[in-house]
Amino acid sequence: MERLIEILEEIKEDVDFTAETALIDDGILDSFDILQIISALNEEYDISIPASEIIPDNFNSAESLLKMVERLQED
């Protein structure tokens, strides 16, 4: 989780990713941020995030992002 938070803070440094649970719903992340996050996660965790996983539920918090990454690493 710590590395994930670092990655997110590199993309959007003015957000408290440890506490925020509505990154998409509250408009904190825009589509460009999402693309940067997807690219960074694909590279860092050696995964490929399919379009079917790019839904608000998976991007609303660092915790939901981590769950998605772990799920994709298992596949």
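## Helices α1 and α2

The axes of α1 and α2 approach within 10 Å of each other and cross at roughly 140 degrees. The structure described here is a predicted model. The crossing of α1 past α2 is right-handed.

On the α1 side, the residues that meet α2 are R3, L4, I7, L8 and I11. Their partners in α2 are D33, Q36, I37, A40, L41, E44 and Y45. Sorted by class, the residues of this contact are 8 nonpolar, 1 polar and 3 charged.

## Helices α1 and α4

Helix α1 also pairs with α4: the two axes come within 10 Å, and the angle between them is roughly 115 degrees. This crossing, too, is right-handed. From α1 the contact takes L4, I5 and L8, and from α4 it takes A62, L65 and L66. The contact of α1 with α4 holds 6 nonpolar residues, with no polar and no charged ones.

## Helices α2 and α4

Helix α2 covers residues 31–45 and helix α4 covers residues 62–74; their axes come within 12 Å and cross at roughly 45 degrees.

Helix α2 brings I37, L41 and Y45 to the contact, while α4 brings L65, M68, V69 and Q73. Of the residues in this contact, 6 are nonpolar, 1 is polar and none is charged.

## The nonpolar core

The largest nonpolar core consists of 22 residues. Within this core, L4, L41 and L65 have the most contacts. Two or more residues come from each of α1 (2–11), α2 and α4. Helix α4 supplies the largest share, 6 residues.

Which residues does L65 touch, beyond those up to four places away in sequence? They are L4, L8, I37, L41, N58 and F59. L4 and L8 are also listed in the contact of α1 with α4, and I37 and L41 in the contact of α2 with α4.

## L8 in helix α1

L8 belongs to helix α1. Its relative accessibility is 1%, and buried means under 20%, so L8 counts as buried. Not counting residues up to four places away in sequence, L8 touches F17, I37, A62 and L65.

L8 and D33 are 25 residues apart in sequence, and their C-alpha atoms are 9.2 Å apart in space.

## The loop between α1 and α2

Two residues of this loop are described here, L23 and G27. Is L23 buried or exposed? L23 counts as buried because its relative accessibility is 0%. With neighbours within four places in sequence left aside, L23 is in contact with V15, F17, I28, L29, F59, N60, S61 and A62. One of these, F59, is 36 residues from L23 along the chain, yet the C-alpha atoms of the pair are separated by 6.8 Å.

G27 has a relative accessible area of 55%, and exposed means over 50%, so G27 is exposed.

D46 is located in the loop between α2 and α3. With a relative accessibility of 72%, D46 counts as exposed.

Most residues other than glycine have a negative phi. D46 is not a glycine, but its phi is positive, about 50 degrees.

## N58 in helix α3

Helix α3 spans residues 56–59, and N58 lies within this helix. Because its relative accessibility is 9%, N58 counts as buried. Apart from residues up to four places away in sequence, N58 touches E53, S64, L65, M68 and R71. Among these partners, L65 and M68 are also α4 residues in the contact with α2.

How values were computed
Residues numbered from 1 in each chain as written. Predicted model: local features only at pLDDT ≥ 70, side-chain atom pairs only at ≥ 80, totals over all residues. Heavy atoms only, no water. Helix = DSSP H or I, 4+ residues; strand = E, 2+ residues; numbered from the N terminus. Buried < 20%, exposed > 50% of the residue type's maximum accessible area, 1.4 Å probe, protein only. Contact = heavy atoms within 4.5 Å. Axes fitted to C-alpha atoms, helices over the stretch in contact; angles between N-to-C directions. Nonpolar A, V, L, I, M, F, W, Y, C, P; charged D, E, K, R; others polar. Core = buried A, V, L, I, M, F, W, Y, C linked by side-chain atoms within 4.5 Å. Left-handed = near helix turned anticlockwise from the far one by under 90°.
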